[in-house]
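Please read the points below alongside the model. They are meant as a colleague's note on a few local features.

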Amino acid sequence: MPAAPPTDRVPDDELLRQAAGGDAQAFAELFRRRHPGVFRFALHMTGSVSTAEDVVQDVFMVVVRDGARYDAGRATVAAWLCGIARNFVRQRLEQDRRLTPVDSADDGGPSAIDNGAVDPLADLLRAERIEKLRRAVQALPLPYREAVVMCDLQELSYEEAAAAAGCPVGTVRSRLHRARAMLAARLAVSALSPAASAAGARARTAPLEAGWAGQAGATNTGRG
């Protein structure tokens, strides 16, 4: 009888099936593989590190309890987990409308040190741009925020985002289009404030433009 493949080579849906059957090693590998994405989704949606950590725990408790109900024909594991996280995030936002703003903890993005940057001014401007964009995303109405976080930050396909949100693909497309327009408008208004210089205005809109350009150049199944 051939040996079972190492868990790091097992597909997500098989790991989930094994975890639902009580396999602790499979659960641990699924958690290692997928919890960063769940955390980032909740963090981008709420702006609260502690809430994002709570959502991760809640999501993987559902995996333990209801993993056997997962249907691979309806959604990928990533989209299924995102849909569960979405429900918990909405509950949290309903319970607490005054969530703590996101702190400066690293959420997985490259740092100035990682890139060999030594210019403190450039690092400061980059941090300002990221914070500006985070605040703009978190100010979006919830359905539009979900669309941007799922598709542009989590890089889910339109089909995966639709499965997670429980809506048609066309709805995801229209929400994403509207959300991008709202973000661009918010950042443009900020850049045109009396205190902003021309260089500052460019710095504030750069993250949005770079993010969208990066998505256009990336391979993302289901996009068209």
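The points that follow take up an aromatic cluster, a pocket and a helix in turn.

1. Basis of the note. This is a predicted model, in which local features need pLDDT of at least 70 and side-chain atom pairs count only at pLDDT 80 or more, while totals for chains, interfaces and linings use all residues. Residues are numbered from 1 along each chain as its sequence is written, and side-chain values use heavy atoms, with hydrogens and water left out.

2. Stacked pair. The structure holds four aromatic pairs, where rings of Phe, Tyr and Trp (its six-membered ring) pair if their centres lie within 6.5 Å, and planes under 30 degrees apart count as stacked, over 60 as edge-to-face and the rest as tilted. One of the pairs is F27 with F31, which is stacked, at 6.4 Å centre to centre and 25 degrees between the planes. Both residues belong to helix α2 (residues 24-46) and sit four residues apart, about one turn of the helix; helices (H or I, at least four residues) and strands (E, at least two) are DSSP runs, numbered from the N terminus. An α-helix has 3.6 residues a turn, so residues three or four places apart point the same way.

3. F27 is partly exposed at 24% relative accessibility, as is F31 at 29%, whereas F60 is buried at 3% (buried means under 20% relative accessible area, exposed over 50%, partly exposed in between, with a 1.4 Å probe and protein chains only). The rings of F27 and F60 have centres 6.1 Å apart and planes at 85 degrees, so this pair is edge-to-face. Because F27 lies in α2 and F60 in helix α3 (residues 49-66), the pair ties together parts that are 33 residues apart in sequence. F27, F31 and F60 form one aromatic cluster.

4. Pocket lining. Which residues lie nearest the centre of the second largest pocket? They are R34, G37, A78, Q154 and L156, out of 16 lining residues. A pocket is an open set of points on a 1 Å grid over the protein atoms alone where a 1.4 Å probe fits, with protein on both sides within 12 Å along at least five of seven lines, and lining residues have an atom within 4 Å of a point. The largest share of this lining, six residues, comes from α2.

5. Helix α7. Six of the eight residues of α7 (residues 158-165) are buried, so this helix is largely enclosed by the rest of the structure. The buried residues are Y158, E160, A161, A162, A164 and A165. After α7 comes G166, whose phi is positive, near 70 degrees.
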